[in-house]
Amino acid sequence: MAKTRPGGIISKPKTGKKDLDSYTIRGTTKVVRAGDCVLMRPSDTGRPSYVAKIEAIEADSRNNVKVRVRWYYRPEESLGGRRQFHGAKELFLSDHYDVQSAHTIEGKCIVHSFKNYTKLENVGAEDYYCRFEYKAATGGFTPDRVAVYCKCEMPYNPDDLMVQCEGCKDWYHPACVDMTIEEAKKLDHFMCSECASDDDVKRSQNGFSASSLAEVKVENKRRKR
């Protein structure tokens, strides 16, 4: 079964409920609405804040405000656990819905698409990304396949530095091509062993000059606030 987040409220429908357009986070001037992503206080103070997407906001006859949420899971909270290609700010949008007191909302955050996250110049504490939907009961993911890179054939982790081959345009982890991160950062050009071998053959056949190659793309994917 899907796990239940601490603090979840299970209640029967009551009369006198009304839908709200927004809610101002207690102790702040920040306003949240349906569709916003928020940080929610866990019952265990030793855990990081939960991340959820607000589906609806409602108040009862006593003006107690509750939010219906759809939880995001961190990789370590999933059945398969955290893997090498999971980024530090990666989340999975789950099929786990819940009702929580609005008072447990700690703040707002932004869950970017994977593509948009990789384009950020700076990643703040409130920035996360999602590239998978997750079925909490079965541990299944959608999509169940993603592109892989490098000799290790791992999905892309935006926290990792990678270098791009000028020939095949594939991306490689420095360690997978016998380089240190420091060496990779100093590169002017890079060709993988397979493309370098092909290039040697071409030069011997037609005098192709290595100086005409485009400048290597070296991209540090680790973002810091």
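Trainee: Which residues does Ile105 touch, leaving aside neighbours within four places in sequence?

Mentor: Ile105 is in contact with Tyr23, Ile25, Val32, Val38, Leu39, Met40, Ile54 and Val67. Contact means heavy atoms within 4.5 Å. This is a predicted model: local features need pLDDT of at least 70, side-chain atom pairs count only at pLDDT 80 or more, and totals for chains, interfaces and linings use all residues. Residues are numbered from 1 along each chain as its sequence is written, and side-chain values use heavy atoms, with hydrogens and water left out.

Trainee: What makes a set of residues a nonpolar core?

Mentor: The members are buried Ala, Val, Leu, Ile, Met, Phe, Trp, Tyr and Cys residues, joined through side-chain atoms within 4.5 Å. The largest such core has 23 residues. Tyr23, Val32, Met40, Val67, Trp71 and Ile105 touch the most other members. Strand 4 (37-40), strand 5 (50-59), strand 6 (65-73) and strand 9 (127-134) each give two or more residues to this core. Strands here are DSSP runs of E, at least two residues, numbered from the N terminus. A second, separate core has 19 residues, including Cys150 and Phe190.

Trainee: Why is Cys109 called buried?

Mentor: Buried means under 20% relative accessible area, exposed over 50%, partly exposed in between (1.4 Å probe, protein chains only). Cys109 has 8%, so Cys109 counts as buried. Cys130 has 17%, so that residue is buried too.

Trainee: How many disulfides are there, and how do you know?

Mentor: The count is zero. A disulfide is a pair of cysteine sulfur atoms within 2.5 Å. For Cys109, the nearest cysteine sulfur is that of Cys37, 5.4 Å away. For Cys130, the closest is also in Cys37, at 9.1 Å, which is too far for a bond.

Trainee: Is His112 buried or exposed, and why?

Mentor: Buried, because its relative accessible area is 15%. His112 lies in strand 8 (residues 105-113).

Trainee: What joins the side chains of His112 and Asp127?

Mentor: A polar contact of 2.7 Å. The limit is 3.5 Å between N or O atoms; within protein, one must be able to donate a hydrogen and the other to accept it, and residues adjacent in sequence count only if both atoms are side-chain atoms. His112 also touches other residues, among them Tyr117, Leu120 and Cys130.

Trainee: What is the average pLDDT of the protein chain?

Mentor: The average is 85, and 81% of the residues score at least 70. The pLDDT is the predictor's confidence in each residue, from 0 to 100. Over residues 204-225 it is below 50. Where pLDDT is low, the predicted coordinates should not be read in detail.

Conventions:
Helices (H or I, at least four residues) and strands (E, at least two) are DSSP runs, numbered from the N terminus.
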